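Let's take a walk through this one together, a piece at a time. Have the sequence and the 3D view open as you read.

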Amino acid sequence: MAAVMPTSAPSRLLLSGNEAVARAVWESGVRVAAAYPGTPATEIIESLARYPDLHAEWSVNEKVSMEVALGASMTGARAFCAMKHVGLNVASDCLMTMTITGAYGGLVIAVADDVGMSSSQNEQDSRYWGRFAHLPILEPADSQEAYEMTKYAFALSEQYETPVLLRLTTRICHVKALVTVGEREAHEPAGFVKNPQRWVMVPAHAKARIPGLFQRDEVLRGVSETSLLNILEPGSDRRVGFVTSGPAYMHVKEAFPDAPVLKLGFSYPWPLEKMRALAAMCDQLLVVEETELLLETEIKAAGIACHGKDVLPRMGELSPQVLSPAVDRLLGKEPPPPAPAATPMKVFPRPPTLCASCPHMGMYYTLSQIKNIIVTGDIGCYTLGAGHPWNALDTTICMGATMGVALGIDKGRGTVDKNKRILAVIGDSTFMHMGMQGLLNITYNKGNITVLLLDNNTTGMTGGQATPASGKDIHGKEAPRVDLVKLVEALGVANEHIHVVDPYELPVLFKTVREEIKFEGPSVIIARRPCVLTDGFKPFRPYLVDEDKCTGCGNCIEVGCPAIHVTRRDKVIKPSGKEVDLAFVNIDNQACTGCGLCVQPCAPDAIQHVARHDIPIHIVKT
Amino acid sequence: MTQNQITNILVCGIGGQGVMTATEILAEAAIAEGHDVKKTEVAGMAQRGGVVTSHLRFGRKVLSPQIEPGTVQVLLGFEGAEALRWSHYLRPDGIALVNNARLVPPVVELGLFDYPEDPTGQMRAAGHRVVSFDAMSIARDLGEIRLGNTVMLGAIADYLPFAPDVLLACIVKRFARKGENVVDANRLAFAAGREAVAKQLGTATA
């Protein structure tokens, strides 16, 4: 993190879309850049933090990051914030009023849609925000465009005093390609000017400014109509013409190199006249967009006949392979059947798992052993607790929802659920993001919930970013560390119902959870251990299985550790006549880091430390 | 050559195995040879032991970053079942270079699914050209399990449209600041990877 990125002479670099955006933000003279981590946008701010001469920060959530960027823009500084699609939902309260105040210093919001849902709870098309908030949208199709459009976005923002949305998708953020980069330009803020009519959004002031939004829409429509980012490529095969934007453009060009294409880089407001020109030059029009039928609807509303989601999928990523059969159908051709060798082989699924020694395993193993409970979950690595072998989470909705949902279940339940105990699981980073209000709401409304705060001292799922609870800033330097116990107490939980436990100590964990779910009122159990992928984690001596002692009971497998492997399966008939499956195991001592969770449920004491001389060299002995 | 010849390389394995880094080094080699390059993967949850594939495309001008099934010249598999999972991406004249590692996920240990008995055998039976070798034991023999990645890069070195030395130079550059010993160990691992594939092919064609 400490290393500063190379900043010298213009050169060609292999950059991901995220890195290209970061480079352009830095070159544009931005002073403030803020974000909360979220796939696929995380690396934008992560790589910006390595550049000099700007303030980069992990904000506690996306809404705050946008407010920080807006504040910076008010001083005339260039400012930037980045988020994943669901992050913009969180920030939308700020967005919908920020569009009325407008920007002073160039203000750009990068929003990354996880098209195909590689790491998200839903799929959204963030282009709708442009229309909803009356903000221009730029959509790059690769890293070079991401770089160039980011730079243009700041100029556009300042010229029309508007925040600009830079819409990315996973296939922009996480594709590396060659980018020609430049140098940083200084941009000195003009200074904050007191102007309540502009910055104090009370009804009278907002009413006066809203007509300006509509005027801005019209002006920007003209800009879009003549923008060099909206290119009409006439092509030679005029049977089908394409309207497309973002990475979908690349798929169109790959599959139909000779077709007419209107490539939209400035996609809101859309250039209607260019759309008409394209329609006039080809037999049929196909709108290729990820993911919703936004342009298609507008083109049809303008009275232009077109195809789109009638032949293309409404969710997931597009590709040449998806486009070709759809176009065949438009041309009245039967799509060729897929070659037999191109059919996928049947292979077991390999869902993501918790890591060996992951502290969450202790909690989920414990929950899997307790009956008659309802457990609400949240967003993070710990969402994996909903999977095998624990099946320990009953709900997951959005960042911080766990406690609101838990309280709703508590207050809404009828006789049938009366005797169930309700627990709410949340991670430390999610708690900082949007969880605190949910807990405050539980205490204020006298909820009967046991909150399990899984404190691994980081934002695990996105690769280990710091939070206010980890005592580090974005550069890894020391920062004030919030005391979770005091915080929880301040939010109204009685001190005797706040516990800090070690999730590797199963008996203590089990006993604490058992006791607190009996308590009629709010309680918080903080399970504290560092994430194994962070520097805070120090591996212990690994374990092995004494094969002579292993009885095949399979208890250890229920812990869910990926380092435990079955070597042999068998069946026995118990005296009662019941048939029981046996699974004899070993432990991969290259993967085991010695947390000891599996040792505790092992009935015959078959799991022991490896001899010292067998310890792999990369394991630090403790 | 007037046509835009694109080379498609698919690298597959499991989160944490170094698939993305290996592909990055392959990309650097293609750039050094003057190619346009695109490299993509879906990496959101990959570090949690999930499936990871990295697509590398290079040529005069690369458009779509994604590789289509049936178009891969070289499939570099870091794990047997993963190579099988992605084998339909191979072209009929493509080749799969597969590390014999067998990494069994918890869902298989729990008895919910079966691990294929002979993944590379299944690929051969489907008509694919496959070379398999044990990159991890080669690395272990060289004294450092972490050399496995360089063994894998050595394995692919003779199946690229440029000289193996171009790739080796990129590996050396990457490790240069770690000192002469590390660089030498990686040279050995690279050579061992090349040799492992050549030896297998020798046996197969004998």
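What percentage of the 206 residues in chain B do buried residues make up? They come to 55%, keeping in mind that this is a predicted model.

Staying with chain B, its secondary structure amounts to eight helices and six strands. If you'd like a box to picture, the C-alpha atoms of chain B fill one of roughly 50 × 45 × 45 Å along the principal axes. Now look at who touches whom: take the contacts in chain B with a separation of 6 or more, and 62% of them are between residues 24 or more positions apart.

Over to chain A, which is divided into four pieces: domain 1 (12-189 + 196-226), domain 2 (230-334), domain 3 (359-528) and domain 4 (543-614). Let's zoom in on domain 3 and domain 4 of chain A, whose C-alpha centres lie 29 Å apart. Their contact draws nine residues from domain 3 of chain A and nine residues from domain 4 of chain A. On the domain 3 side, helix H14 (residues 359-368) of chain A gives the most, with five residues. And what is that side of domain 3 made of, in terms of nonpolar, polar and charged residues? Where domain 3 of chain A touches domain 4 of chain A, its residues split into seven nonpolar, two polar and no charged.

Key: Residues numbered from 1 in each chain as written. Chains lettered and ligands numbered in written order. Predicted model: local features only at pLDDT ≥ 70, side-chain atom pairs only at ≥ 80, totals over all residues. Domains from an automatic or database assignment. Contact = placed C-beta atoms within 7 Å. Helix = DSSP H or I, 4+ residues; strand = E, 2+ residues; numbered from the N terminus. Nonpolar A, V, L, I, M, F, W, Y, C, P; charged D, E, K, R; others polar. Buried ≥ 20, exposed ≤ 12 C-beta atoms within 10 Å, placed from the backbone.
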